[in-house]
Amino acid sequence: MTLSNETDTGPERRVDAIKPWMPALLAVAAMIAAGFAHPPAAPLLAAGAAITLLAMAVLRPRRRVVAPPDEPEETVSDRAAVLAGEALEALPDPLLIISGEDAQDVGDRSIIRANRAATALLRLPAGVLDHPLHAVLRDPGLLEAVDEALFGRRSQMIDYQPGGAQERHWSAWVAPLPAHDGLNENLAVLRLRDETDARRAELMRVDFLANASHELRTPLASLSGFIETLRGHAREDPVAREKFLSIMAVQADRMTRLVGDLLSLSRIELNEHIPPSGKVDLAGAVSDVVDATGPLAGRRGILLKVSREGEGSASVTGDRDQLIQVIQNLTDNAIKYSPDDADVEISLRIGVGADEAARVWTPGAAGLSLLTPDRDADARYVLLTVRDHGPGLARETMPRLTERFYRVEGQKSGERLGTGLGLAIVKHIVNRHRGGMTVESVVGQGATFAVYLPLRTPHPPA
């Protein structure tokens, strides 16, 4: 095809057709070169290049292309607009182009363009051309930054946390777009970058060091004291030596479990915002846990009773190893706090709604929601409950059950000694699976812990 305003196809005409594009092409080339020189800024510079091409394509006067008879006519600006749009869609970071006319009317801010990443993140309707900004972004600081870009012509970078059950951290960059003749509205570009992984990794390191240094201090001091005693007057006392070595083995085992639970919790928290994608049959997972813990329960005469209600499959979208850990922790706790020759009841209810799953099932019991998923009226869940018949829990202790290292007063010593991380691990795993968690108890009659996870496929209401 030949670029020209007339039928002449000489080289001078083609050069003249390219000249208006030279500033934009040079700017794009400079951005690309800067991206190679400074890799951390490459996504931002790529976004600038795409926006530059898109603006030039839309605002430059269109030039007619004289094509051979067997080819359709097109324009340079049409082709550039298509390429710029494709470049915008290919960006991995969510990017929005926002318009606004009245600085006093906060309701007139509209999203006039969103790339594929932004559409998926904000759940915008396909092909959105004019969507209210406040309908998808409600953070006051972010909205103020958008106004500063639209009407104050000021660029800035701010932190943005959208809220919800899964904590996310975003870096939001807002900048004004150049004003053009014939347009009554101001334009700005908003780019979001997910920094959750970096924030969680830093928090994981800080928490691990703080928790490990605090919790390991006591067993390490105990081991040091016993070693000093064995080197001294107990060196020739076989009875004392055997007693001290037994205690040291218990302390070393507790430190091993503590470090293992801390590492497990840190890994879970690091990926908590990333939903799992596997398929897990909860009924099969419960069966596996019962088979594994049955011998331990049988030594104390405890019977594990499993029941199931509802039709259909108990399949959920999840990580099988993590869900096995949830069931294992809850079952171990129930066995630990149950008296000898008692029953531990494990039940599955399939196809329940969120309100039904979160209600109190035991008459006269005090209940509390420890984790509530984001609201979805149409979601159906698989409800897993584990009930023991032990001493139960007082109402005032319930809010702290999922805190790290928290153990109920009176249950911090003896055979029931644990790391205090089991329920914290359960809560974070369930949160990653977009589920909920509750507890209910009658003092002296036992406690019931329940988790509910979204069904993998829609289930008809009961």
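Predicted model: local features only at pLDDT ≥ 70, side-chain atom pairs only at ≥ 80, totals over all residues.
Two packed helices are described by the angle between their axes and the distance between the axes. For helix α11, residues 320-336, and helix α13, residues 422-432, the angle is about 145° and the axes lie 9 Å apart. The crossing of α11 and α13 is left-handed. On the α11 side, the contact is made by Q322, Q325, V326, N329, L330 and N333. The α13 side contributes G422, L423, I425, V426, I429, V430 and R432. By residue class, the contact between α11 and α13 comprises 7 nonpolar, 5 polar and 1 charged.

Backbone torsions were examined in the loops that involve these helices. Most residues other than glycine have a negative phi. D341 has a positive phi, near 65°, and is not a glycine. D341 is located in the loop between α11 and β12, the latter spanning 343-352. The relative accessibility of D341 is 63%, and D341 therefore counts as exposed, the cut-off for this class being over 50%.

A positive phi, near 60°, is also found at R434, again a residue other than glycine. R434 is placed in the loop between α13 and β15, where β15 covers 436-442. With a relative accessible area of 26%, R434 is classed as partly exposed, because this value falls between the limits of 20% for buried and 50% for exposed.

Technical notes. Residues numbered from 1 in each chain as written. Heavy atoms only, no water. Axes fitted to C-alpha atoms, helices over the stretch in contact; angles between N-to-C directions. Helix = DSSP H or I, 4+ residues; strand = E, 2+ residues; numbered from the N terminus. Left-handed = near helix turned anticlockwise from the far one by under 90°. Contact = heavy atoms within 4.5 Å. Nonpolar A, V, L, I, M, F, W, Y, C, P; charged D, E, K, R; others polar. Buried < 20%, exposed > 50% of the residue type's maximum accessible area, 1.4 Å probe, protein only.
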